[in-house]
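Hello,

Here is the structure I promised to pass on. Please open it first; my notes on what turned up follow below.

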Amino acid sequence: MRVTTLQTNNTMMNYVSSAESRYYELSQEASSGKKVTKPSDDPTAAKSILNINSQLSQLNSYLSNMSTAQNELDTLDSSLSNLTTLIGKATDLTTEAANGTYSSSDLKNMKTQVDQIIQSVTDTANTNYNGTYIFSGTSTSTPAYTTAASGSITYGGDSGTRTVTISDGTSVVINTPGNTVFGSYNSVTAAPVTAPTVPGDVAGTTSSTTTDAAGNITTVITTKVLSGTNTITTTTTGTGTGLLGTLMALSTSLGTDNQKDVGSCLTGLNTALDTVSTTRTQFAAVSNRFSMTKDSINSTVTSLTGYKSDLQNADLATVLADLAAQQTALQATLSTTSSLLNGKTLLNYI
Amino acid sequence: MSITSSMNIAQEALTVSQAAITTVSNNIANVDTPGYSKLRVNQSTVVDAASLKGDSAIIEANSLSGVQLDNIQRYSDSSTQGYYWQENSANSYLNEYLTAASSIEDLTNELNNTGLSTALSKFYTAASTLNQNASDITARQNFVSAAQNVCSQFNSMSKSLSDIQKSLVGDMISNSSSEISDEVESVNNILDQLVSVNADIIKTNSGSVASTEGITSSAALLDKRDSLVTKLTSLIPVTTQENSNGTMTIFMGDYHLIDGASLSDHLSVANSTDVSGNLVTTVSLIDPDTGATKAANVNSEITSGSIGAILDVTGTDPNKLNVSGVTGELNTMASQFASILNTIQTDTSGTTTPLTMSSATQLDIVNPPPNLIVNSTAATVATETTGITAANIAVKSTVASNPYLIAAARVKTTDVATSANAVGNNSNSTLIVNSQTTTYAGLGNTTLSGYLSNMSANVGTEVSTIKDNAKTQASVLAQVQSKLSSSTGVNLDEELTDLIKYQRSYQAAARIFSTCNDLLDTLMNLGR
C-alpha cells in the first residue's frame, strides 16, 4: 500500500488520541475510585446502583424509625414498671388492712397512703415523652388523666393507636391507650330525693357507703331535719373501672372502716397487675421484634452496600495495573509517533 | 537528421523536466494540505507518424522527435471519495448526537447524589420523621421543605432540558442563534460557494489545457470542490455525481441541491407545535432567489450529518433518545408524584377521612385538607391539579406557609366530630411513607424511585450505544480517510525521488546541449 505523509500523520494522531483518551478514562477511574460515574458507563450496573440507593435510604429510615420508637417504648416500659411497684404497695396495704386488727385511725392512715398511690398512678399515666403523652392514645397533646374536684379521675385521651413503619408495608403499634391499663373513676352526685332543706334546719346526718365487686362505690347521705320527719337522701355514685376504680374503692373503704370491702379490692388489684404485666410483655415483644428487624435490616444494608461497592467502585489494583500498562502503551505510541514524524525521510540522505 | 534536431529534442526534455519539477514542488508545498490531491506529469515519446515505415519496430532516426508533456494528472479515487463523504455524514451525526445526549445524561445522572432521586429519598425520610411525630411543627416544616426540594428538582431538570432544546433549535418565538439555524446557514453558504466553484471549473475547462499553470489551478478548483463537499457532508447527507465537464451535481435524497453550475435549492428551517404541544422543527427547501417553498418538509431526507442529529435529538421519535421523550417521562413522574400525595392528602372516598391541624394541639375537624402539590401556573384553585408537569410542579403556597395543613391524621369518618384532640394520629402520614414502596400503574407498575432509576438507566443505555457507535464510526472514518489519503495524498519520499529523477534528466538534457555544441564546433572547424 502506498503510504502518504498526511496519512501517516493522521493515523499517528488517531493512535495518540485514542491512547490518551483511554489513559484519561483510567486515571479518572483511579482518582475517583469509581468505575460507574455516569449511567452510560454501565447502564445495567447504574440501574442496580440506583435501586440499591433507594432501598438503602428506605432501610435507613426504618432503622431511624425503630430507634426513635425504641426510646418511647423504653419510657413506656419504665412507666409500667413503676406502676407494678405501686400496685405492689397497694396490695400490701390491702392485705394488711383486711386482716381486721387495725384501728380506725390506722385505716385512715392507710387511706392517706392509698390516696398518694392514686396520685402517683395518675402521674405515671401522664408520662410525657418528647412532648407526647404516651398513654393518651392519639390525643398526644392532651394529658391522659385529669382529677376533678368531685374526685372523678377522667381519661382525656382516646382509644387511637400510633404506629411505626419498620419494613415495607409493616407497621407496629407502639402505644396503649391509657384507659385499658389505668381504668378510670367517675363520681356522680344525684339530685336529692326530696326537697332541699332550709339551711340550719338539720338534726343530723348519717352516711353509708357500699362497694360492689366491680369497684362501684355508692355513698348514701341521709339528712334528718329538725322541723319534722323529712328525710333527704343524697346519693353519690362512683363508677370505677380498672386500677383507678379499684384504688378509689379501696380508699373509700379504708376511709369508712369497711374492712369487708377492703378485702374485695384484692381481686381488682390482681386483675390490674395482670393487665400491666400483659401489656409489658406485649411491648417487650415489640422491642424484641425491633431488635430482630434491626439486625436483619443491618445485615441487608451490609450486603447491599457491598454489592453496590462491587458495582460502582473500581477495583483499584486492576485499575492501577491497567493504568500503568496504558501509560506504557501511551509512551510507546508517543515515541513511535515522534520517531515517525521526526524520523528519516529521503532528505536525510540526499 | 540534423544536430539541431537533437538540440530541439533536448529543449523539449528540458521543458518536460521543468514542468515535472514544478509539479513536484507543488506536491511538496501541499504535503500537509488537507484534501490536496497529488499531481503527476504524464509524458510520452513524440513519434512523427508520417515518417513511420510499415514495420513500426524499425523507426528511422529522423522520425524521432523527443518527449512531450501529455497532461498533468490529478490523483483521484471517486469511489473511495464518495464512501468517505457518506461515512463523514454518519460520523458527524453520531458526534453531534453524542454531545447532545451526553448533556441529557448529565441532567438525568442520578448517580451523583445531587439529583431527583436524592431529593426523593430525603422527602421520604422527612415523611418518616413526620410519621414519628405527627403533630411536631419542626417535622412538618422539614416535610414541606423536602417536598419543595423535590418540586424544584423537577423544575430545574425540566428547565435544563428545555434549555438544551432551545440551544439546538430555538423556541416557538425564534430559532435565530440556535445551532440548527447556524448550520442551515452554513449549508446554504457552502452551496453558494460550490456553485461558483463549478462555474470556475467550467471556465478553466479542466483536463484539456496543457500548460502547468492551467492544470494546477484547475486541480486546485477540484480540490476546493471536494473539500466543500466534505464540509457539506458533515452537515447533511448528500450524494454527488461528477459531470464530464468536472462540475458536480449534488443531491439530498431525491432533491437536487446543485445542478452543474446552477443552484437549485436552499435549506430553510422553522419551528411549529404539533397537536400535543411539542415543538416541531421542520427543514424545508426554498428557491434561493424568490424564497418560495419548493419542498415543505425534507426532514425525512436528513437522516445523517449534524443537522440530522439535531433533528433527531429534538424530535419525537419514541425509539430514539430525545429531549421530548425524557421531558415526557419527567412530566409523567411529576404528575404521578402530585397525584399520589394529593390523593392521600384529600381522599375521603373510603370509610376514613384525612384531617389537618387547626392549631398546635387540635385537629381541624371542620375544614377538609387542601391539595399538597399543585400546578403553579393554574389560574384558579379549581384547576390547580390539572396539567401538572415537571416545569410547573410546586408545593401549594398555603401549605408551604402553614405546615399544619398537612394531613397526617386519618380517622374513621364516623369519628371525625370527636377527634379534635387526636393530634398524634399518624395513619395518613403512614400512607405517605408507604407510598415510597408502592407501585403505581401510572408509572408502569414501578415505584417512584424505580421509575426514576429506569429513566436514568434508559438514557444511560442510549448514550452508551451512541458512544459505542460513535467510536466504531470514528475508526471506520479513519480507515476510509487513510485509504483515500493513500490513493490521493503526497508521499514526501516519492516526491524527493521524483525531484532527483527530474533533476538528473534536466542535467542530462542540458548535457545534450553542450555535446551538440561541441559537435557544431567540430563542424565549424572542418570548414577552416
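Q241(B) has T249(B), in strand 4 of chain B, as its bridge partner. Keep in mind that this is a predicted model. Strand 3 and strand 4 (residues 248-252) of chain B are joined by 4 bridges and run antiparallel.

Both belong to an open sheet of 4 strands in chain B, ordered 3-4-5-6, with antiparallel pairing. Strand 3 (239-242) and strand 6 (262-263) are its edge strands, each pairing on one side only.

Next, the cores. The largest nonpolar core counts 100 residues. F123(B), F154(B), I236(B) and F337(B) have the most contacts inside it. Helix 4 (residues 137-169) of chain B supplies the largest share, 13 residues. Another core, of 62 residues, lies apart from it and includes Y62(A) and Y155(A). Back in chain B, I236(B) touches M252(B), L257(B) and V187(B), among others.

Last, one loop residue. T446(B) sits between helix 10 (427-434) and helix 11 (448-488) of chain B. Is T446(B) buried or exposed? It is buried, because its relative accessible area is 17%, under the 20% cut-off. Beyond its close sequence neighbours, its contacts include T438(B), Y451(B) and N454(B). V433(B) is 13 residues from T446(B) in sequence and 16 Å away in space, C-alpha to C-alpha.

Best wishes

Methods
Residues numbered from 1 in each chain as written. Chains lettered and ligands numbered in written order. Predicted model: local features only at pLDDT ≥ 70, side-chain atom pairs only at ≥ 80, totals over all residues. Heavy atoms only, no water. Helix = DSSP H or I, 4+ residues; strand = E, 2+ residues; numbered from the N terminus. Buried < 20%, exposed > 50% of the residue type's maximum accessible area, 1.4 Å probe, protein only. Contact = heavy atoms within 4.5 Å. Pairing = 2+ DSSP bridges. Core = buried A, V, L, I, M, F, W, Y, C linked by side-chain atoms within 4.5 Å. Lists of a residue's contacts leave out its neighbours within four places in sequence.
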